[in-house]
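The following paragraphs walk through one structure, from its core to a helix pair and then to a loop residue.

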Amino acid sequence: MFKNLSKIESRYLKRIYTSVVEDRRQITSGDLAKIFNVRTPSAIDVLNKLEKKRYVKKEKYGYVTLTQAGYNVAVELLHAHRVFEVFLVKNLGMGFSDACKAASDVDHIFDKEVIARLCVYLKKPEKCCHDRVIIHKGCGVKNR
Ligand SMILES: [Zn+2]
Ligand SMILES: [Zn+2]
């Protein structure tokens with residue numbers, strides 16, 4: 001889905017989005033280091049890569065935010081992540097945290113069309129298993 005995005009970069013984008021947009025809580029490189037259990041310089045390294053791709057902006061005092069492009073990518077990533085998570089839990093009976101882990105491994109490499117079809121198959125679920133709202137944008141299925 002996002003050829004230029006590594007798994008770790010996509011995890012950072014999703015985490016920045018849930019914090020800044022969903023929880024309205026600012027986030028710093030230090031917070032991200034703690035969340036991902038790495039040292040701050042490694043978190044900054046990932047953020048630098050995302051900044052080069054113009055997905056994040058670094059602000060004063062170590063705060064990080066998403067650019068419009070980064071926001072769009074995060075919405076799409078979280079859609080894929082949460083739709084797949086719902087499928088794993090509801091249809092395959094997996095536990096929440098196992099489902100979340102499995103979804104994180106593949107959400108950034110999913111084919112858009114596959115996710116769109118899965119989403120429609122699941123009747124466009126409103127919320128994921130962690131009770132977060134799923135935004136449906138462009139997951140209508142193409143007519144052939
Ligand atoms: Zn998850
Ligand atoms: Zn959808």
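**Core, helix pair and loop**

In this predicted model, Ala 74 touches Leu 13, Lys 14, Tyr 17 and Leu 66, when residues up to four places away in sequence are not counted.

Ala 74 also belongs to the largest nonpolar core, which has 33 residues; together with Leu 13 and Ile 16, Ala 74 touches the most other members. At least two residues of this core come from each of α1 (7-22), α3 (40-52), β3 (63-66), α4 (68-91), α5 (96-106) and α6 (112-121). The largest share is that of α4, with 10 residues. In soluble globular proteins, nonpolar side chains tend to be buried together.

Next comes the packing of α4 against α5. The axes of α4 and α5 lie 9 Å apart, at an angle of about 135°. On the α4 side, the contact is made by His 81, Phe 84, Glu 85, Leu 88 and Val 89; on the α5 side, by Phe 96, Ala 99, Cys 100, Ala 102, Ala 103, Ser 104 and Val 106. Of these contact residues, 9 are nonpolar, 2 polar and 1 charged.

The loop between α5 and α6 holds His 108. Is His 108 buried or exposed? With 23 other C-beta atoms within 10 Å, His 108 is buried, because the cut-off is 20 or more. Leaving aside neighbours within four places in sequence, His 108 contacts Met 1, Phe 2, Leu 5, Lys 7, Ser 10 and Leu 77. The C-alpha atoms of His 108 and Leu 78 are 9.2 Å apart, although the two residues are separated by 30 residues along the chain.

How values were computed. Residues are numbered from 1 along each chain as its sequence is written. Chains are lettered from A and ligands numbered from 1 in the order in which they are written. This is a predicted model: local features need pLDDT of at least 70, side-chain atom pairs count only at pLDDT 80 or more; totals for chains, interfaces and linings use all residues. A nonpolar core is a set of buried Ala, Val, Leu, Ile, Met, Phe, Trp, Tyr and Cys residues joined through C-beta atoms within 7 Å. A residue is buried if 20 or more other C-beta atoms lie within 10 Å of its own, exposed if 12 or fewer, and partly exposed in between; C-beta atoms are placed from the backbone. Helices (H or I, at least four residues) and strands (E, at least two) are DSSP runs, numbered from the N terminus. Two residues are in contact if their C-beta atoms, placed from the backbone, lie within 7 Å. Axes are lines fitted to C-alpha atoms, for helices over the stretch in contact, and angles run from 0 to 180 degrees between N-to-C directions. Ala, Val, Leu, Ile, Met, Phe, Trp, Tyr, Cys and Pro count as nonpolar, Asp, Glu, Lys and Arg as charged, and the others, Gly among them, as polar.
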